[in-house]
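Please load the model in the viewer and keep a selection tool at hand.

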Amino acid sequence: MNKIKDIVSRIAPEAVFSESAPWTVTVPTAQFHAVAQALRDDPQTQFDFLLCMTGMDWGETLGVVYHLRSTASGCEVVLRIETADRENPQLPSVSDLWETANLNEREVFDFFGIRFIGHPDMRRLFLRNDWVGYPLRKDYDASAEVNPVRMENEETVDVTPSYEEHDGKVEQEERVLFDDQEYVVNIGPQHPATHGVLRFRTSIEGETIKKVDVHCGYIHRGIEKMCEGLSYPQTLALTDRLDYLSAHQNRHALCMCIEKALGIEVPERVQYIRTIMDELNRLSSHLLFWSTLCMDLGALTAFFYGFRDREKVLDMMEETTGGRLIQNYNVIGGVMADIHPNLVQRIKEFIHYLPPMLREYDEVFTGNVIARQRMQGIGVLSKETAISYGVTGPSGRASGWSCDVRKLKPYGVYDKVEFDEVLRTGGDTYDRYLVRVEEIRQSLRILEQLVDNIPAGDYCVKTKPIIRLPEGNYFSSVEASRGEFGVYIESRGDKMPYRMKFRSPGLPLVSVVDTLASGSKIADLIAIGGSLDYVVPDIDR
Amino acid sequence: MFLNTYTDSIDFNAAREWIHTTLSGVMPAWGVTLTECVLVGLCLLLGYALIALALIYIERKVCAFFQCRLGPNRVGPYGTVQSVADMVKMLIKELIHINHVDQFLFNLAPFIVIISSVLAFGCLPFAKGLAVLDFNVGIFFLMAASSIGIVGILLAGWSSNNKYSMIGAMRSGAQMISYELSIGLSILTMVVLSGTMQLSEIVERQSEVWFLFSGHIPALIAFLIYLVAGTAETNRGPFDLPEADSELTAGYHTEYSGMHFGFFYLAEYLNLFIVAGIATTLFLGGWMPLHISGWEGFNAVMDFIPSIVWFLAKVGVVIFVIMWFKWTFPRLRIDQLLTLEWKYLLPLSLLNLLLMTLVVALGLYF
C-alpha cells in the first residue's frame, strides 16, 4: 500500500487514501489518467487487470469505482473518481490502458450519462439509442410516459460519437463504424450460434470477416437497478438469472459478500455443500459448453452425448434444490435446505460414470481431424490481450493466464481439496476447448474428495429477519463457470443496497470477439463464439 | 455366362411388354406412346415421392439411434407414417409472400432444383428391365441433368434478397462446381473400365464380378473419391456448408416456406438416393446379384432374390454410409473444403484415371 501511496502522491498530491482495507484511493479527475497509467506500468505495482468498473451516483456527485488487480502479485486497489457536474458529467477514459474499459465505460455512460473523454465509441451499450434519461442515477424518472414501450425498430447507426479534449475544450467527433461500401451482415439477435439474443454486426468480404461490432442489451433486465429497490434476501433471487449456467456460483458470491459485511461465520457443513454444488454447476455448464461447441461446429451427435450426461447432473441438483436451471439454493448464512439423502450416493455413481463418457467424447470429437482443423490456430488470444480485456475463467487460462479465483483467493473449502488449475499456452479455440474438458475432470476430482467428508452440523445459521449491512463497500468474487464473477455492494446502512454491481465474466468475453474474429472466416466466428462460451443474460444483466 | 442364366423372379420386361401389347390392342400407335409416357411419368413421380418420404423417415430414425434417441415413434407403428403426416402439413402450409424479392426467379428456383433431380432419377436402372431412359451416353446425360440443380440453388440464394441466402448460395456454387470435377473423373475412371456409357451395358458387364472388385485398386480409389465427392455434391454433412444451420440459419432456402421449401427438401433427399444409385450402378453391380464364380449353389440362392431388391439394398447400404458421415463428423470450413477438392481429390482422381487406363490397357483387371 505504501508503494501505491508513493506512486499516486507523486502525480496527484491531493489524492485521498483510505485508512483500512479495502485500499481505496480517491483520485482527482485531472490526474486520474496519469495515475492509472503509472499504477499499470510501474514495475512495483503492475495493476494490469481492471477487474471491475462500477458507475456510481453518490447523490451530490457522479463517479466511477475501479477495482484493479495485479496479475503478478495479486494485490488489489480501488480507485475512485467523481465529478460534481451532474448536467454534463465528463471523466477521463482509461480505455487506452485497459481494453476491458471500452465496453464498461459505454455501460457507465448508458446508466449514468458520464461521457468519457478519449473513448473511441461513446454509444449506449444496453439501452436503445432513443432512451430518455440515465436509469441508474438516483434522480431518474422511471415513469412510463418518459420511456414508453416503443413500437418502432431502433435505428441502426453506422457512426458513433467520441469526445476528445483539445486545449481544455472537449469536442465531439464522429467516427465511422461501417462505411457505405461495406457488406454488413447481422449475425443475431436471433441466430442459432449466438447462444441467446446477442447481435454481431459483421462486416465481411467474401467469407472473410473484417470487423465485428457487438450489440448487447436485448435481454437487459436492469438487475442492478432492481437490486437497489429490494432487500438483501430478495436480491438473491436475481443472481441465478444472470449466468443461469453458474446459478450456484453467482449466488455464492453474493451470499459471501453479504456474510462478509455482516461478519457471519458460515458453518463447515455449509461450506462443503456450497463447494459441492458449485462444482456440480461447473460440470453442468462445461458439459453444456462441450455440447454446444460441437453443435456450432456441425457435430450434432456429439451435442446429444453431452446433453445425455448433463441430464444426470441436473437430476442430482434437482433432487436437492428443486430446480434444474434456477436453483435458489444459497441463502444468507447457509443454504435453503439440507442435501437430499441420495445426493452423496448419486455423486459417487456419477464420478464413476463420467470418465468413460469423457473418453467417448475424445473419440467422437476431440480426436476428429475435421474438429481439430476447425479449432487449432483459430482465434488466438495472447496472454497480454486476455489480461487487458479481462478475459478470465477457462478462456483466460487457455491463454496461460493463471486467473482461477479458487486458487488465488480460496473460498468455500477449495483450500482443503487438491486440484490442478488447468493452464494451456496456445490461446486458440482448441486450447479453450481442452481447458474446459480437463476442468470437467478436475471438478470430478474435487467432488471425489469432498463427497465423503461432509461434516455434520447446521445447514444454515440464524440471521436477523431484517438484514442491514453496515455502511461501507464490499467486494467478493468467486470462480464461476466462465470466469471471475464479482459482487460489489455499496451500503449506507439501509436494508437495501445503495448500489449493487455484478462483475460479469461474460462482458469481457464478448468484447474480445472483434479482436479474435477479424481476419478469419464466418465459420471461425462461430467457433470462436462457441469456445468463449458467453451466456447472454450474464452480459446484459 | 450368368447373364443368360439369371432370370429375375420379378421380370419387369414381361410386365412392360404386356402393357405394350394390351394398349396396342385398343388404341393407335401414337396413343400407345402417349399413354405409356404418362404412365411412366406417374410411376416416376410416385416413386420419387415415396422414396423421398421413406428416406426422410430413415434419416430421422438413423440419426436418432446415433444420438441415443428414439426418433419418430408416435404416428403409425414405429412412427412410419410420420413423414407422410409431415408431407401433408407441408402441402397445406402457406407460401409466404416476401417483399423485395425477385418474384419470378424466387418461384422458379425450387422447380429447377426438383426438375433436375427428377431427370436424374429417371435415368437410374432400378431393376432388370426397369429403366426409363437408356441410351448410349446415359451416364453422361445423368451427370448433366443432375448438374442443373446448382442453377436453382444459386437462383434461390440470389433472388431471396437475404444475405445469409446469398452466402449460402455462393458457398453452394463453389462447392458443387468443384466437386463435380471429382465426380466426373471418378465416373470417367469407371467408364474406362466398362468401355461404355450406357447404363444398362454397365450393369450387364458386372454380371460376373462387380466393378469394385474387378477394377481392384483404381476402382476402390475411385469409389472412395466418389463417396466423398458425392456427399459434397448433395450438400450433406460434413459438407453441409450451404445450409450450415449454426452459421447461416438455413442457407439458400432460408426464405422459402411451404411446398417451395418442401421441393428443396425432397430434392435433397432424392439427390442422396441418386448419388447412392450411381455408386451402386458403377461400382456395386447395379441390380446384379452377388456372384462368386465357382460357387454354383450360392449363386443360385443369390439369383432367387429379385433384382429390384438387390438394387435398393445396395443403395440402402451406400445411403447408410453417407448418413453415418453426416451424424459423426463436424462441418468443414469453406477454405478447407476447397483445399480438399483442388489440392487432394482432383490430382488424386487424375492419377487414378491414368492408373485405370494402364490397368485396362494392360489387361490387369479381372
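How many residues does the contact take from chain B and from chain A? In this predicted model, the contact takes 23 residues from chain B and 25 residues from chain A. Select α12 (245-248) and α16 (334-361) of chain B next: these are the elements that give two or more residues to the side of chain B that touches chain A. Colouring that side by class shows nine nonpolar, six polar and eight charged residues.

Now turn to chain A and its domains. The domain assignment gives domain 1 (1-147) and domain 2 (223-536) of chain A. Their C-alpha centres lie 27 Å apart, and 18 residues of domain 1 are in contact with 18 residues of domain 2. On the domain 1 side, select β3 (49-57) and α3 (101-112) of chain A, the elements that give two or more residues to the side touching domain 2. The largest share, six residues, comes from β3(A). By class, this side of domain 1 holds 10 nonpolar, six polar and two charged residues.

The last stop is a pair of helices. Select α7 (residues 268-296) and α14 (residues 429-451) of chain A, which pack at an angle of about 155° with their axes 9 Å apart. The helices α7(A) and α14(A) are therefore roughly antiparallel to each other, and their crossing is left-handed. Display the side chains where they meet: α7(A) contributes residues including Tyr272(A), Leu283(A) and Trp290(A), while α14(A) contributes residues including Tyr433(A), Ile440(A) and Leu447(A). The residues of this contact comprise 14 nonpolar, three polar and four charged.

Key. Residues are numbered from 1 along each chain as its sequence is written. Chains are lettered from A and ligands numbered from 1 in the order in which they are written. This is a predicted model: local features need pLDDT of at least 70, side-chain atom pairs count only at pLDDT 80 or more; totals for chains, interfaces and linings use all residues. Two residues are in contact if their C-beta atoms, placed from the backbone, lie within 7 Å. Helices (H or I, at least four residues) and strands (E, at least two) are DSSP runs, numbered from the N terminus. Ala, Val, Leu, Ile, Met, Phe, Trp, Tyr, Cys and Pro count as nonpolar, Asp, Glu, Lys and Arg as charged, and the others, Gly among them, as polar. Axes are lines fitted to C-alpha atoms, for helices over the stretch in contact, and angles run from 0 to 180 degrees between N-to-C directions. Angles under 35 degrees count as roughly parallel, over 145 as roughly antiparallel, 65 to 115 as roughly perpendicular and the rest as oblique. A crossing is left-handed if the near helix is turned anticlockwise from the far one by less than a right angle, and right-handed if clockwise. Domain bounds come from an automatic or database domain assignment.
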